[in-house]
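Visitor: I am new to reading protein models; could you take me through this one step by step?

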Amino acid sequence: MQDHHLDIGFDLNYLYPDAKHSIQNGHSFTGSYVINNEQRDVGVITGSAIARQYGEKGLPEDTIFAYTEGHAGQSLAAYAPHGLTIHHTGDANDYVGKGLSGGTVIVNAPNEEREQEIIAGNVSFYGASRGKAYINGKAGERFCIRNSGADVVVEGIGDHGLEYMTGGHVIILGDVGKNFGQGMSGGVSYIFPSSIEEFKKVNALETLEFSEVRYDEEKALIKEMLEAHYKHTRSTKARQILNQFENVSQYVVKVIPKDYKLMMQKLIYKNDE
């Protein structure tokens, strides 16, 4: 049987004991910690305590708020439920926000130069179902695969992004790697690539539709997500886009699975009858 050394882990010895009373009573808690890459699963035990007591509903947003800094190990804020927010300044290993279940995850670059680099590892937000995330830099490969409902902002991703995604919204403020959107059957992504035409050419798939952002409702959603991203991270890219948001349609391409779009149109038509 594997020993994952949870008895000496960060959550069991620091975050959970500090937040335990607040979780039990539904009170707000804020803590600040320095972590390192040996400390895996930061927030997981704390999140499980919230889920055991409050179920799927969780706690009100940001009730348990942990500021961390340093080099985070694997699975930062994995499975975080509603009411738990992890705001990390620094970089993080693989599986950031894996299985995110309603919580909020922020990975903030420690300085403006790091915004151009990879600050979140591979397979971030794998299987996320609900929640919000803001990555103030690039992420590695297989970003948001099997995402079914989380809303995420990131500033560039590696290969195989959004594979098998079925729901949620993903804004990418930068370029993507190869094999983008394979098996994507739901959800919507808004990409701000260095060249829209090159993005369309390289990533063309029969199953995906690339289009302009035309509707006010979509522009409002993008603006809301970018404003939240800037609020949490002070992102240079988000600020630049927001400063010229009246021209946002010139810089963004919408990616949606064709079958998903058809299904949504039929649902709208049926509801209007």
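Guide: Let us begin with a helix near which some packing can be followed: the buried residues of H5 pack against helix H4 (216-233). Helices here are DSSP runs of H or I with at least four residues, strands are E runs of at least two, and both are numbered from the N terminus. This is a predicted model, in which local features need pLDDT of at least 70 and side-chain atom pairs count only at pLDDT 80 or more, while totals for chains, interfaces and linings use all residues. Residues are numbered from 1 along each chain as its sequence is written, and side-chain values use heavy atoms, with hydrogens and water left out.

Visitor: Which residues of helix H5 (residues 236-243) are buried?

Guide: Buried means under 20% relative accessible area, exposed means over 50%, and partly exposed lies in between, with a 1.4 Å probe and protein chains only. By that rule, the buried residues of H5 are Thr236, Ala238 and Ile241.

Visitor: How many residues does the largest nonpolar core have?

Guide: A nonpolar core is a set of buried Ala, Val, Leu, Ile, Met, Phe, Trp, Tyr and Cys residues joined through side-chain atoms within 4.5 Å. Those with the most contacts inside the largest core include Leu76, Phe125 and Phe180, and the core has 53 residues.

Visitor: From which helix does the largest share of this core come?

Guide: In soluble globular proteins, nonpolar side chains tend to be buried together. In this core the largest share is five residues, and they come from helix H1 (residues 10-25).

Visitor: Is Val123 buried or exposed?

Guide: Val123 lies in the loop between strand S5 (118-120) and strand S6 (130-135). Leaving aside neighbours within four places in sequence, Val123 is in contact (heavy atoms within 4.5 Å) with Tyr95, Glu141, Arg142 and Ile145. With a relative accessible area of 14%, Val123 is buried.

Visitor: What distance separates the C-alpha atoms of Val123 and Arg142?

Guide: These two residues are 19 residues apart along the chain.

Visitor: Which residue is the bridge partner of Val107 in S6?

Guide: Two strands pair if DSSP finds at least two bridges between them. Strand S4 (residues 101-108) and S6 pair in the parallel sense over five bridges. Within S6, the bridge partner of Val107 is Ile135.

Visitor: Which residue in S8 does Ala133 stand opposite?

Guide: S6 is also joined by three bridges to strand S8 (residues 148-154), and the two run parallel. The residue in S8 that stands opposite Ala133 is Val152.
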